[in-house]
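User: Please go through how the parts of this model are arranged and where they touch.

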Amino acid sequence: MTVRRSTLGGHTHEFASLSDLLAKATPARSGDVLAGVAAESQAQRVAAQYALADVPLATFLTEQVVGYDEDDVTRLILDTHDAAAFAPVASLTVGGFREWLLARAAERDEAAISGLARGLTPEMVAAVSKLMRNADLVAVARRTRVVTGLRSTLGLPGRLASRLQPNHPTDDAVGVTASILDGLLHGSGDAVIGINPATDSPAQTIALLELVDAVISRYEIPTQSCVLAHVTTTLRALEAGAPVDLVFQSVSGTQAGNRGFGVTLDLLAEARTAALELGRGTVGRNVTYFETGQGSALSADAHHGVDGRAVDQQTLECRAYGVARHFEPLLVNTVVGFIGPEYLYDGKQVVRAGLEDHFCGKLLGLPMGVDVCYTNHTDVDGDDTDTLTLLLGAAGCSFVIAVPGSDDVMLHYQSLSFQDVLTARAVLDLRPAPEFEAWLARMDLLDDAGRVRELAADTPTVRALLAAAG
Amino acid sequence: MTAPDGAGVATPAPANDPWSLLRNATRARVALGRAGDGLPTARELEFRAAHAVARDAVHTPLDADRVRAALADAGVGLPLVEVHSQAPDRTTYLQRPDLGRRLADGTQLPAGDADLALVLADGLSPRAVHEHAAGTVTAVLERLPGWSVAPLVLAHQARVALGDPVGEALGARIVVVLVGERPGLSSADSLGLYLTHDPRPGRADSERNCISNVRPPHGLSYAQAADTLVALLQAARQLGASGVVLKDEGAALPPGVG
């Protein structure tokens, strides 16, 4: 265990371990205070950032935050590390790596940045993010390219996709369909039409899969469906021959966290293989979807690493990306304001975490989206979500999540509205996924300038859609 | 422009509006219309109103006098003891759930021997306690003749698990925590009931049973909640346990419990 020191304002700060250094260098957030790992003063935080800037990136290949022998996520990360991809930055420190990234971003050298992914470990990426300001996170993420596809192509430059989330408190078929149609009429749903089921049962999952598949087939929509049930439930649906486009699972950055979610790496691999065998893709073969979120390991008491030391929540979040990328996902999103004020207290912390998660996920090679959201006991409102959404749009975010009127009536939290997605696209000159955009045009849902039309109820398209719903 | 009544979901559309097909199909905020790419002003303000009511419910201080008066009006004769958690204020409470589960240093509770203790906890919606605690307590006590009940405890800045040290200190065999639930956009005053057999610090959530959404007239009525709770109490007493094990064994329980 290397003790690292740094002197600031005449005071020498000591950091007992790599995980201690990473935690103390992390911008302030309530979850790290709750875990007892946060910096005790602003000066200590910056002192840690000084010390972290001097750590060679290669150190993260030999000094672990969560032990290799006791954690299969660490083994997955290190055993699949690509030394050739790492070579361009192998001699750099964390501070030097920040400058390297900013320089490549300024040159718009997407290939150089994007080519690093398999050579980077989650801890390296977490470390450099802790030295970056919000604008740094935006600037580099914007020049990191991750393109995925199944029946629509996601992550292309100049595009912002959305997950249409038509949740209903009782999974009522008519209610779900109404929300789907509302979203489609607003140009949402190009990333996925993804439902959180109220009941996690194979029968319910199959019923919802068949419902969305019927909508997609009927209108020949170039998108994919997902019912966000537990992976074991989706496996049962696959065995029953249900139309499964995507295997979903929440994942964590530690083996213990994944155990808390009831999953193993083998189980995820098995489900991915089963979904691939259906061959439901037209433009790509990415068949998995993962959700993550800072604080999930802590909330499951699964946030400890080497010598039982607690690890900061943002480093653990990056390790969840290390899990996700192994399964070549179509979609990954952090659910950034869902978990509550004990992990991210207010708008400032949520905005910061959303930008960190997006940057880190993308740099690690993930098709990164964000559920820009909040609960009513967090100090966050629509102004904060506007700020984060526009910053994510500028950062080249793959997709965001949208629900009718920002109000998820099943999960009881607020995400973006379909109108918010339209606004972000308009302000930042972003367009939907290309296949979906062409479909919108075919359905006469776009005006001459390519914007989603505001439709009167008496247009033929709307009449046809509403008749189908009724 | 007039604010909608309550925390307003979109106003029902007139029957001749084709969008009413969508609106009538779900409580979700569908077919809101647009102003450019944004929301029409009325829809935007409706959403803000619902959020404001929910936010205020979280930050309204627990008013002990109001709860005492409501209990007295309802004819509840039990004494009421006030306690505080280790969270000194709302800001700390929201960020440190661990402190909300522990009693403030020096807390004195009358040790005794009781079948049941009832803890009224502000949780994330003190409003729920103001509006629904007295009615719920009354309905529960009416259904428990012959049970010895400890003094009522009113707990400030409290999480569900604060019932564990409270129940232990009171010498209660079962504790029920009546707690303000996290406000939703259209439900700012929802009360939850959490039952724990043999309460003591360290009990896991899997050792509790929960009845959610006590909130007449929109959610469960006091009578419905009390019927379900009393069935659970009797089953817990018989089995000598609560939580997952009770749900598994409780064939006679009403559906949706636990």
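Analyst: Domain bounds here come from an automatic or database domain assignment. This is a predicted model, in which local features need pLDDT of at least 70, side-chain atom pairs count only at pLDDT 80 or more, and totals for chains, interfaces and linings use all residues. Residues are numbered from 1 along each chain as its sequence is written, and chains are lettered from A and ligands numbered from 1 in the order in which they are written.

User: How far apart do the C-alpha centres of domain 1 and domain 2 of chain A lie?

Analyst: The assignment for chain A places domain 1 at 4-142 and domain 2 at 148-442. Between the C-alpha centres of these two domains of chain A, the separation is 26 Å.

User: Which element gives the most to the side of domain 1 of chain A that touches domain 2 of chain A?

Analyst: Two residues are in contact if their C-beta atoms, placed from the backbone, lie within 7 Å. In chain A, 39 residues of domain 1 are in contact with 44 residues of domain 2. Helices (H or I, at least four residues) and strands (E, at least two) are DSSP runs, numbered from the N terminus. With six residues, the element that gives the most to this side of domain 1 is α10(A).

User: Which element gives the most to the side of chain B that touches chain A?

Analyst: Contacts join 32 residues of chain B to 32 residues of chain A. Elements giving two or more residues to this side of chain B are α1 (20-23), α2 (41-59), α4 (90-95) and α5 (97-100). The most, five residues, comes from α2(B).
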